Amino acid sequence: MTSTRHLRSAAVGAVAASLLLTGCSYGTGPAREASEPSGSEAETSSSPAEEPSSEESSSEESSSEPESTASDDSGSDAAEEAPTDLTDGDVLTALNGAEIDGVTLNAVAGSVLPDLDLAPDQLLEDQFGTLEITPEDCVEPVRSALVPGWVEPSVDEATVAADRVDTVLVSVRPLEDQEQAETAMDDYVDSVEGCDGGEMTVDSEGPLDVELAVDDISVPGASQAVTVTYSDDPYTTKDDIRSGRMVYGNSVVTIIHNIEYQVPADGERADYEQLLTEMTGILSGEPVAGPGSEV
């Protein structure tokens, strides 16, 4: 039987390497050219600090809104002040060169992933093998639990990011307003909870008994935040892969830490409340200090 733990240890590393080898560093090259909604961004320098005035005003608007969030302990009040008008261009600009968990992100539009040999089906097969998941209700939830954001049907509407040392995978999908973002989150949670026990074969070997679980967490400024846990039993030790997801303003944000692909189930785990809180700082323009951060 294929060992899921062995296969998944390379997943994030290969993604980050693909982004870097294509020259998609800090928004230069294919990443900026593919981001059609923000035409002026293609002319920005590779340094995130040197942005045109139009982007500065957009960033100032985003960062000015949540200033009171840091001093307001009320989650609902903070959520109301999260940016509710982020665009694809805003997100790409915010993520490129941003620091999280002590590493620097490199972002591209999700729509260009097939051009980088990172199309969802190809990404899953390259990193985990050929997956066959049953029943049908479990297919998308299980896939998204393995590589959240990046292998979901909505990735074409998102911006995705990784770092140079293979620490995190991020996706941010802005919608028309916060209500739509919350509806998208509700639909996703419903799909995960609707997968009431599934089976998965890897390269025709198995099947593995697969379970998914959703747990609420607290992230200042987010109107909804959860962790999603994928579990299977390949041998006698249960494998778990956890990821974080939230609604922040008009955006759905996902993140997974590379440690999820490497550690035993009872080992050190990522702190998704902290990681998602750092993401709120990146998107609002008000950086939040995290472990290893110089903020």
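Where is the place of A158? A158 sits in the loop between α8 (136-146) and β4 (159-163).

**About the model.** This is a predicted model, in which local features need pLDDT of at least 70, side-chain atom pairs count only at pLDDT 80 or more, and totals for chains, interfaces and linings use all residues. Residues are numbered from 1 along each chain as its sequence is written, and side-chain values use heavy atoms, with hydrogens and water left out.

**View 1. The whole chain has 10 helices and 10 strands.** Helices (H or I, at least four residues) and strands (E, at least two) are DSSP runs, numbered from the N terminus. The chain has 295 residues, and 53% of them count as buried. Buried means under 20% relative accessible area, with a 1.4 Å probe and protein chains only.

**View 2. A158 is a buried loop residue.** A158 counts as buried because its relative accessible area is 7%. Beyond its neighbours within four places in sequence, A158 is in contact with A109, G110, V172 and R173. Contact means heavy atoms within 4.5 Å. S171 is 13 residues from A158 in sequence, and their C-alpha atoms are 6.3 Å apart.

**View 3. D232 belongs to strand β8.** This strand covers residues 224-232. D232 has 0% relative accessibility, so D232 counts as buried.

Notes. Buried means under 20% relative accessible area, exposed over 50%, partly exposed in between (1.4 Å probe, protein chains only).
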